[in-house]
Amino acid sequence: MSPARIAAPAAVALLAVLALGACAAPVAPGTTPAGPSSSQVASAGASGGPAEVRLPADATSTELVDQLEGAVSSFTQEVGGEWTFGNGEEFVARGDPAGYPADLCRVGLDYEDDRHGKQFQLTLNGPENGDDNEALMERARQWGEARGYDVSTSGPGLGTGQGGLSLALTADGLTDFTWNLAAGTSILSAGTDCSTDSSVMDHRPDPSSQPSALNRFEETPTPQP
């Protein structure tokens with residue numbers, strides 16, 4: 001998750017463009033220069049697909065939540081169908097960290113303190129379409145590969161029953177995804193990288209800004225003796 005890795009795809013693309021320009025034939029006065037061919041464009045972008053912003057280890061809460069919501073919105077739109085929280089409330093990007101709690105990052109079994117930083121996560125129920133589940137999963141796989149994710153698929157999905165499918169998309173600096181899909185079950189989990197920035201470590205969500213499905217601060221009656 002180093003800055004060098006973040007900038008690498010852009011640097012490769014820039015070098016490819018400069019190389020193409022250096023080899024181009026002179027353009028006669030009064031004529032319009034020809035743009036790069038589709039094969040040239042595909043070659044320049046083959047190293048990592050569409051540009052994605054990879055965040056550093058000290059990303060702010062706003063950067064993390066913007067990335068989380070943007071990635072989830074893009075993923076769900078690509079796959080299609082209805083995506084909701086556990087209570088049926090539709091997922092809508094809010095652009096506000098106050099709507100999300102910051103969870104301690106777990107590394108192996110070590111998650112009892114904040115030495116690894118904190119992250120933002122969300123879980124959604126998604127579409128499930130019986131015989132077309134493999135087509136849904138294939139769209140998700142292609143989405144991840146086009147954005148430079150490491151893609152892992154398996155079936156049946158963990159705990160999803162016979163014929164289930166499981167997809168994991170991981171990449172340093174990007175929002176990670178896990179999707180378990182089977183008959184009657186479609187669960188998507190998304191989580192940002194961990195950050196040690198003070199805006200994340202000191203983050204306190206505002207219950208009034210949270211979707212009800214994420215609200216962990218609802219008041220409960222105090223037991224009376």
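The model is predicted. A search of the whole structure finds one disulfide and nine aromatic pairs. R54 is buried yet has no salt bridge.

**Disulfide**

- The disulfide joins C105 to C194, with an S to S distance of 2.0 Å.
- The link of C105 and C194 is left-handed, at -120° about the S-S bond.
- The pair links distant parts of the chain, 89 residues apart.
- C105 sits in the loop between β1 (103–104) and β2 (118–119). C194 sits in the loop between β7 (185–191) and α5 (198–201).
- C105 is buried, because its relative accessible area is 0%, under the 20% cut-off.
- C194 is partly exposed, because its relative accessible area of 25% falls between the 20% and 50% cut-offs.
- A disulfide is a covalent bond between the sulfur atoms of two cysteines.

**Aromatic contacts**

- The search of the whole structure gives nine aromatic pairs. One of them is formed by F75 and W179.
- The F75 and W179 pair is edge-to-face. The ring centres are 5.9 Å apart, with 80° between the planes.
- F75 lies in helix α3 and W179 in strand β6 (residues 176–182), so the pair ties together parts that are 104 residues apart in sequence.
- Both F75 and W179 are buried.
- F75 and W179 also belong to one aromatic cluster. The cluster is formed by F75, W83, W143, Y149, F177 and W179.

**R54**

- R54 is in the loop between α2 (38–45) and α3 (61–79).
- R54 is buried.
- The nearest side chain of opposite charge is that of D172, 6.5 Å away.
- The side chain of R54 does reach the backbone oxygen of D172, at 3.0 Å.

**D103**

- D103 lies in strand β1.
- D103 is buried, because its relative accessible area is 17%, under the 20% cut-off.
- The side chain of D103 makes a polar contact with the side chain of Q121, at 3.3 Å.

Note on methods:
Residues numbered from 1 in each chain as written. Predicted model: local features only at pLDDT ≥ 70, side-chain atom pairs only at ≥ 80, totals over all residues. Heavy atoms only, no water. Helix = DSSP H or I, 4+ residues; strand = E, 2+ residues; numbered from the N terminus. Buried < 20%, exposed > 50% of the residue type's maximum accessible area, 1.4 Å probe, protein only. Lys, Arg positive; Asp, Glu negative; His and termini not counted. Salt bridge = Lys/Arg side-chain N within 4 Å of Asp/Glu carboxyl O. Polar contact = N/O pair within 3.5 Å; in protein donor to acceptor, adjacent residues only side chain to side chain. Disulfide = S-S within 2.5 Å. Phe/Tyr/Trp six-rings, centres within 6.5 Å; stacked < 30°, edge-to-face > 60°.
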